[in-house]
Amino acid sequence: MSYIDVEHEYKRYQTGSAEIVANNDVTFAIERGELTVILGASGAGKSTLLNIIGGMDTASDGRVVIDGRDISRANRRQLTAYRRTDVGFVFQFYNLVANLAARENVELATEIVPDALDPVEVLRMVGLEDRMNNFPAQLSGGEQQRVAIARAVAKNPKILLCDEPTGALDYRTGKQVLKILQDMCREHGATTIIVTHNAAIARIADRVIHMRDARVERIETCATPADIETVEW
Ligand SMILES: Nc1ncnc2c1ncn2[C@@H]1O[C@H](COP(=O)(O)OP(=O)(O)OP(=O)(O)O)[C@@H](O)[C@H]1O
Ligand SMILES: [Mg+2]
């Protein structure tokens, strides 16, 4: 059994009389500690899948087994506990609390978990030791995303889920952010999934899941993933 096992997973949305199938018979497995990239065009069903793996949404059908537990059968309380302690989430548009300083944003997340890392230490890891007392509006997009990564990582999550984490960033800043995520995966062992539509980024992954029209089109594994510093696009 793998660390993450998604088996014949479906997500259907009912909009009026029409049914949208956002995930259509999705099956794949991810091993513990791997860096996985989910690649696909807009509308392919990537965010839907990530939200289901993160327990923020539930599958219509199929199994989503995380570390031996099928979260598609979990009740609301179990799902809340799973989201809270096991999962760190990084969004495209950061989603920081505007009236809390960088450090407070990270502290807020660490207060709800048992094995949190030190917020100041993690902010130092992402290079923000001098900006900890700034509010989000006083930070650049890249800095805000680094706060968001610190917030996710400081929970010491087993699974780090990132939905287009560099989508709003310029080339250089985006690369810095991916470097932090790659380091977090390698050095802290978090099983990391990055959703993107940038095919070049796939070279840093142990595993690439290609999605197309709600389905898994193909899966590639790579024995020697590239360092993000060596990848150009
Ligand atoms: N709550 C919802 N209700 C109805 N349809 C939805 C809902 N959420 C997503 N969809 C539909 O499901 C499909 C997959 O959406 P999803 O957001 O997973 O795509 P995506 O691959 O993340 O795209 P993007 O790269 O643009 O973010 C789309 O057709 C979308 O319109
Ligand atoms: Mg999306």
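Modeller: First, a convention: helices (H or I, at least four residues) and strands (E, at least two) are DSSP runs, numbered from the N terminus. This is a predicted model, in which local features need pLDDT of at least 70 and side-chain atom pairs count only at pLDDT 80 or more, while totals for chains, interfaces and linings use all residues. Residues are numbered from 1 along each chain as its sequence is written, chains are lettered from A and ligands numbered from 1 in the order in which they are written, and side-chain values use heavy atoms, with hydrogens and water left out.

The cysteines come first. Cys-185 is part of helix 6, residues 171-188. Buried means under 20% relative accessible area, exposed over 50%, and partly exposed in between (1.4 Å probe, protein chains only). Cys-185 is buried because its relative accessible area is 5%. Contact means heavy atoms within 4.5 Å. Leaving out residues up to four places away in sequence, Cys-185 touches Gly-33, Glu-34, Leu-35, Ala-190 and Thr-192. Lys-158 is 27 residues from Cys-185 in sequence, and the two C-alpha atoms are 10.0 Å apart.

The structure holds zero of them. For Cys-185, the closest cysteine sulfur is in Cys-162, 9.6 Å away, so it is too far for a bond. For Cys-222, the closest is in Cys-185, at 13 Å, again too far for a bond. Cys-222 counts as partly exposed because its relative accessibility is 30%.

Now the ligand. A residue is near a molecule if one of its heavy atoms lies within 4 Å of it. Around ligand 1 are Tyr-13, Thr-15, Ile-20, Ala-22, Ala-41, Ser-42, Gly-43, Ala-44, Gly-45, Lys-46, Ser-47 and Thr-48.

Ser-42 places a polar side-chain atom 2.6 Å from an oxygen atom of ligand 1. Lys-46 has a polar side-chain atom 2.8 Å from an oxygen of ligand 1. On its own, ligand 1 has 640 Å² of accessible area, and the protein covers 61% of that. Such areas come from the Shrake-Rupley method with a 1.4 Å probe; for residues, only the protein chains shown count as cover.

Strand 1 (4-15), strand 2 (18-30) and helix 1 (46-53) each give two or more residues to the shell around ligand 1. Helix 1 gives the most, with three. Six of the eight residues of helix 1 are buried. These are Lys-46, Thr-48, Leu-49, Leu-50, Ile-52 and Ile-53. Just after helix 1, Gly-55 has a positive phi of about 75 degrees.

Finally, strand 1 holds Lys-11. Lys-11 is buried because its relative accessibility is 9%. Its neighbours, not counting residues up to four places away in sequence, include Ile-20, Ala-22, Thr-48 and Asp-57. The Lys-11 side chain makes a polar contact with the side chain of Asp-57 at 3.2 Å. Here a polar contact is a pair of N or O atoms within 3.5 Å; within protein, one must be able to donate a hydrogen and the other to accept it, and residues adjacent in sequence count only if both atoms are side-chain atoms.

Key
Disulfide = S-S within 2.5 Å.
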